[in-house]
Amino acid sequence: MEGIRSDGASSASPLSQWGHDAWRMYQYYLDKTTPHTAYRWTGTLVITAIYCLRVYYVQGFYIVAYGLGIYLLNLLIGFLSPLVDPELEVTDRPLLPTKGSDEFKPFIRRLPEFKFWYSMTKAFCIAFVMTFFSVFDVPVFWPILFCYWIVLFVLTMRRQITHMIKYKYIPFSIGKQKYTGKKPSASSSGFRGD
C-alpha cells in the first residue's frame, strides 16, 4: 500500500513542479511590469479594442459585455474609494484633513492602481475567451441592457461623487508635489541703483 502512494506522488510531482515554476515565471514578469504604467494601460487598451471588435464582428455576447461592464463599474468604485471609509469609521474627528492646519494624510485607495489594472485586464481576457463559446451567447435586446447600465453608472457615480464632496477627498493627485522655496517679497526683489 505504501509503494502505491509513493508512485502516485512521484508521478504528480513533476507536473506540480512544472505548474509551480510556470506560476513563478508569470509572477516574475508581472512584477517587472509594475513601474511601466503607460505601457500596461496601452496593452489593456489594445486588449479592450480587440474585445470590442470581436463583439461587434460577432454581433452577440451582449450578456457577457453587460456582466463585464458591471464588474468594471465595481472595480472603478473600489479604485475611487479610500481604504478607510470615513462614513464607517467611528471617531471624534475626521480622518481626512479638512483644513490647512490638519495633518496631511495621503489618499490611499481601497483598490490600488496595479490591482485595478490587473483585474481589468484579466476581465477583458476572460470575456474575450467567452466569446468563442456559444453557450454564453444568450439572445437579448442589447439597447435595454445598455440603457440600464448607463442608469446604474450615473447613479453609482453620483453617490461616489457626493461621498467625495462630503468627506473632502480627491482620489487623484496630478504630478508630484514639489517645494519651490520661499517666494521673493516685493521689497527684496527690487533693483538697487548704485
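Biologist: Leaving aside neighbours within four places in sequence, which residues is Tyr-62 in contact with?

Modeller: This is a predicted model, in which local features need pLDDT of at least 70, side-chain atom pairs count only at pLDDT 80 or more, and totals for chains, interfaces and linings use all residues. Residues are numbered from 1 along each chain as its sequence is written, and side-chain values use heavy atoms, with hydrogens and water left out. Contact means heavy atoms within 4.5 Å. With neighbours within four places in sequence set aside, the residues in contact with Tyr-62 are Val-55, Val-140, Trp-142 and Leu-145.

Biologist: What separation do the C-alpha atoms of Tyr-62 and Leu-145 have?

Modeller: Tyr-62 lies in helix α3, residues 62-80; helices are DSSP runs of H or I with at least four residues, numbered from the N terminus. Tyr-62 and Leu-145 are 83 residues apart along the chain, and their C-alpha atoms are separated by 8.1 Å.

Biologist: Is Arg-40 buried or exposed?

Modeller: Buried means under 20% relative accessible area, exposed over 50%, and partly exposed in between, with a 1.4 Å probe and protein chains only. The side chain of Arg-40 meets that of Glu-113 in a salt bridge at 3.0 Å, N to O. Glu-113 is partly exposed at a relative accessible area of 23%. Arg-40 has a relative accessibility of 5% and therefore counts as buried.

Biologist: How many salt bridges does the structure hold?

Modeller: A salt bridge is a side-chain nitrogen of Lys or Arg within 4 Å of a carboxyl oxygen of Asp or Glu. The number in the structure is one. Because Glu-113 lies in helix α4 (residues 113-130) and Arg-40 in helix α2 (residues 37-58), the pair ties together parts that are 73 residues apart in sequence.

Biologist: At roughly what angle do the axes of α2 and α4 cross?

Modeller: Axes are lines fitted to C-alpha atoms, for helices over the stretch in contact, and angles run from 0 to 180 degrees between N-to-C directions. Angles under 35 degrees count as roughly parallel, over 145 as roughly antiparallel, 65 to 115 as roughly perpendicular and the rest as oblique. α2 and α4 are therefore roughly parallel to each other. Their axes come within 10 Å, and the crossing angle is roughly 25°.

Biologist: Leaving aside neighbours within four places in sequence, which residues is Ser-119 in contact with?

Modeller: Ser-119 is found in helix α4. Ser-119 is buried, with a relative accessible area of 15%. Apart from neighbours within four places in sequence, the residues in contact with Ser-119 are Tyr-71 and Leu-75.

How values were computed
Helices (H or I, at least four residues) and strands (E, at least two) are DSSP runs, numbered from the N terminus.
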